[in-house]
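Subject: Handing over the structure, with notes

Dear colleague,

Please find the structure below, followed by my notes on what was found in it.

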Amino acid sequence: MSQLETPLFDVLLKHRNRHPIQFHIPGHKKGQGMDPAFREFVGDNVLSIDLINIAPLDDLHSPKGAIKEAQALAAEAFGADHTFFSVQGTSGAIMTMILTVVGPGDKILVPRNVHKSIMSAIVFAGAIPIFIHPEVDSEYGISHGITPEAVEKALIAYPDTKAVLVINPTYYGFTADLKRIVEIVHSRNIPVVVDEAHGVHIKFHDDLPYSAMEAGADMAATSVHKLGGSMTQTSILNVREGLVSAKRVQAVFSMLTTTSTSYPLLASLDTARRQLAIHGYDLIDDALRLAKDARKRINQIAHLKCAGKEKLHSSATYDMDPLKLLISVKDLGISGHQAEEWLRHNANIEVELSDLYNILCLVTLADTKKEINLLINALNRMSKTFDSEAAITEAVVNVPDIPALAMSPRDAFYADTEVVPLAEADNCICAEFIMVYPPGIPIFIPGEIITQENIRYIQMNIEAGLPVQGPEDTTLKTIRVIKERKPIF
């Protein structure tokens, strides 16, 4: 088959054009039973392919026809042996990936700054996370990747490790030396699985970092919807045969995936793959030129700074995706959150994220010179607005020691718990997640022993105005802990 083909999208159009009489779900039946206002807004075309897994359309849980062909084309495009389509986002693909390689009591090496879906999967698996601190950027106040040296040191300390997880690239666009990490881990016959949520496009241009498959990883969960042009909620799971079994991946994937899979979402994956495979290089090339121009112009704006190749000085910041515009606003005397609000209300611009010191803007295949000019003009106006408050500000990021793990996150999650005052929680076992941004590294996860040092760290960050995420009590006056007050070391 050719990368020009879209077997799943084509079979949906062919079926639609037959105008079959439907005595099956969905009940709206090509929109006829749907609320008229919504039907008019979304249009009959998309509703006509909102179908169910009848024989002509194949079945994502046991693909034998169009879906199988579409996934095979995706595997070829991404350099994988097998590719699985996910309509439950990269979170669903990540959970499939982790549940494939670890089970109850198995150890898995993970960066401390992992996405919550990874910790959810570790809870489901009953696995034991062995955390590696990522490198912290003192200039921008963010987390980067983990170094090959840290991975090797952890594997020596925990030789019974069953899998290693790496983020490639990070949310902020930086990558570690993934090829070296894969070499180190594979030398011990251990699989490497990759959270590649923000890297769908990197395979398709020479000026971007290595993709997980190019680096030799065994599995990679990749968001196509984030930067690849498919609809929200669509992702893929790329697999390399050898240390993992594609049949095992399919079995786990089916356990976690709805049986009512969305064909419009699946079709958008099929067509996004075609666009990336056929036109990806040229589209990304245009986006890279726009991003290069934007970065240069942002760095000419008073009090603003946009991270670039000068940050590539270690094996944790081995390469970067230039399409991520990480813009420091701290020297303006405002937080990233304030900058996000100002841009929303004064320029009708929405950014990807903000933290204490930065905003993050994405340049994608969809952007033109017009959008870049609007962003630069808005940043210029924002700089002038806050000029009187501007002052050189040092980013303060203190990362506490990783607490001891008294019990597995799964055991802690299902244990009997109680709520106690945070100030009195020293030596208790935490039963919830607590994270402080930046740099987004968990302070506690379920099963870890609460220490007075980390209680002070949390209180210090609350006083500094840093956003705290995770706990039930958002004021953090109390914390949920395991009822057994004295942990077993």
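Leucine 51 lies in the loop between helix H3 (44-48) and helix H4 (66-78), where helices (H or I, at least four residues) and strands (E, at least two) are DSSP runs, numbered from the N terminus. Before going further, please keep in mind that this is a predicted model, in which local features need pLDDT of at least 70 and side-chain atom pairs count only at pLDDT 80 or more, while totals for chains, interfaces and linings use all residues. Residues are numbered from 1 along each chain as its sequence is written, and side-chain values use heavy atoms, with hydrogens and water left out.

Although it sits in a loop, leucine 51 is buried, with a relative accessible area of 4%; here buried means under 20% relative accessible area, exposed means over 50%, and partly exposed is in between (1.4 Å probe, protein chains only). Leaving aside neighbours within four places in sequence, leucine 51 is in contact with Leu12, His15, Gln22, His24, Pro26, Leu57, Thr261 and Tyr263, contact being defined as heavy atoms within 4.5 Å. The C-alpha atoms of leucine 51 and lysine 29, which are 22 residues apart along the chain, are separated by 8.4 Å.

Next comes strand E6 (residues 163-167), where five of the five residues are buried, so the strand is largely enclosed by the rest of the structure. Ala163, Leu165 and Ile167 point one way from E6, whereas Val164 and Val166 point the other way. E6 runs parallel to strand E2 (residues 107-111), to which two bridges join it, and isoleucine 108 stands opposite alanine 163 in E6. E6 is also joined by four bridges to strand E8 (residues 192-196), again in parallel, with valine 166 opposite valine 194 in E8. For all such pairings, two strands pair if DSSP finds at least two bridges between them.

Helix H7 (residues 148-157) has Pro148, Val151, Ala154 and Leu155 as buried residues. They cover an arc of only 125 degrees around the axis, which puts them on the same side of H7; the arc is that of the directions from the helix axis to the C-beta atoms. The face turned away from this buried side carries the exposed residues Glu149, Lys153, Ile156 and Ala157, while what covers the buried residues of H7 includes E2, strand E3 (128-132), E6 and helix H8 (178-186).

Threonine 222, found in strand E9 (residues 219-223), is buried, with a relative accessible area of 1%. Its side chain makes a polar contact with the side chain of glutamate 196 at 3.2 Å; a polar contact is a pair of N or O atoms within 3.5 Å, where, within protein, one must be able to donate a hydrogen and the other to accept it, and residues adjacent in sequence count only if both atoms are side-chain atoms.

An open sheet of four strands has the order E11-E13-E15-E14, with antiparallel pairing. Its edge strands are strand E11 (305-306) and strand E14 (353-354), each of which pairs on one side only. E11 and E13 are paired over two bridges, and lysine 305 stands opposite serine 328 in E13. Helix H12 packs on this sheet, touching E14 and E15, and its direction makes about 50 degrees with that of E15; axes are lines fitted to C-alpha atoms, for helices over the stretch in contact, and angles run from 0 to 180 degrees between N-to-C directions.

Finally, helix H13 (residues 369-385) has 17 residues, which at 1.5 Å a residue should span 24 Å, and its end C-alpha atoms are 24 Å apart, which agrees; the expected span is 1.5 Å times one less than the number of residues. The buried residues of H13 are Ile372, Leu375, Ile376, Ala378, Leu379, Met382 and Ser383. Seen down the axis of H13, they fall within an arc of 165 degrees, so they line one face of the helix, whereas Lys370 and Lys384, on the other side, are exposed. These buried residues of H13 pack against helix H11 (263-298), strand E13 (324-328), helix H12 (336-347) and strand E15 (358-362).

With best wishes
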